[in-house]
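I opened the notebook on this model to look up two things.

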Amino acid sequence: MRIYLDHNATTPMCAEARAAMAAALDVAGNPSSIHAEGRAARAVIDDARGAVAALLGGARDEVVFTSGGTEADVLGVVGLALAARAAGRPPRVVVSPVEHPAVAGAARGLAGLGFAVDAARVDGDGALDLADLATRAAGASVIAVGAVNHELGTVHDVAAVAAIARAAGAWLHVDAVQAAGKRPLADLTAVADTVAISAHKLGGPAGVGALWIRAGVDVAAAFPAGHHERERRPGTENLVGIAGLGAAAEAALAAPARWAPAIAAAARLEAGLVALGARIHGAGAPRAGTTVNAAFDGARGEAIVIALDLAGVACSTGAACTSGSVRPSPVIRALGLPPARAAEAVRFSTGPTTTAAEVDRVLALLPDVVARVRAAAQRRAGAGGAAGGADHGPASS
Ligand SMILES: Cc1ncc(COP(=O)(O)O)c(C=O)c1O
């Protein structure tokens, strides 16, 4: 039996999402059509919109369906920034240096469009330096932060960030992709202007997400290429995916304790990892409790992930979308670690089905895995090969 500890990358679909998607496969119409088939398709979307709005603690009209968390983040960050510039506000955006590539990339894209893009400082645990953020926020029109960090599980103080944004007259985008389903979102929509979520992190399918946009806040669509989603997101809707997202949102709202076993399992795993001599990244900051980012000195994270995979355990070295790359994660680098130390990071993320027995099995496997990875690194170092050596520079190959 495989042990899956990569729920931050994708968590398995819940039964409710599967059932809703299977039913939606039989709905033939286009939601924009006015005939009965079209209206049936529209009803599926309306129901899902209601469920997602309820999860977010917002109104139906404030929910825009997207192709996932990435598009929701890009629409939020770029859409707010373009609307702000069109309204004559300063072309200045502030993010944090530990954001997911969806937010970081959106900000980089804005830099290419002539925006000044600044990153507030974080400390060695990934916690935002709020005083630094307040300084950089002066003259900004958009601030964007994640609610729960995808690699560290750390939690930004969104209420404090919102107060800074308000004082600066800036709009606030919150990436709640790793928070949705696990934590209440109403405290985010109470203070943010846009909030992004993604279905496959909360029990729905990949390839669909949503952006909540506070009523009255302007978000510019990239192109006026269709009237869908109230002109915010052109294109015929992904009916089956949206049905899955709606059902997953409804299930999440109905069972707020669903992720409690994940938190218990992560705590057990972290205690065991510390006992094995691992250091835990982000341990000094408030965390959501289902992510443990660990490292063993002298053992490259990528080698540990491969060895654990061969032993039947799935975990990751960082965000799944960047795991094809062997460069140390920018999130871990932002903690101030040198490249060799940053390359030791391994991300374990637990889910609703993770058991204590699975955690214990991983902890039992690790001493041998770490010893073998360290020995291989020492052999390479002895042979004079720096490439891939755990105690050498960046883990580039
Ligand atoms: C914090 C965060 N934001 C955004 C995304 C992107 O979501 P999606 O995979 O749905 O595009 C992810 C996915 O890993 C994430 O963890």
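I sorted the shell around the ligand by class: 4 nonpolar, 10 polar and 2 charged residues. For the classes, Ala, Val, Leu, Ile, Met, Phe, Trp, Tyr, Cys and Pro count as nonpolar, Asp, Glu, Lys and Arg as charged, and the others, Gly among them, as polar. The model is predicted; local features need pLDDT of at least 70, side-chain atom pairs count only at pLDDT 80 or more, and totals for chains, interfaces and linings use all residues. Residue numbers start from 1 along each chain as its sequence is written.

I then listed the neighbours. The ligand is surrounded by 16 residues (C-beta atom, placed from the backbone, within 6 Å). Gly 68, Gly 69, Thr 70, His 150 and Ser 198 are the closest. Helix 3 (residues 69-86) gives the most to this shell, 3 residues. Helices are DSSP runs of H or I, at least four residues, and strands are runs of E, at least two, numbered from the N terminus.

I found an open sheet of 7 strands, order 2-8-7-6-5-3-4, with mixed pairing (at least two DSSP bridges between two strands). Strand 2 (63-66) and strand 4 (116-119) are at the edges with a single partner strand each, so one side of each has no neighbour in the sheet.

I checked one pair inside it. Strand 5 (residues 142-146) and strand 6 (residues 171-175) run parallel, joined by 5 bridges. Ala 144 has His 173 in strand 6 as its bridge partner.
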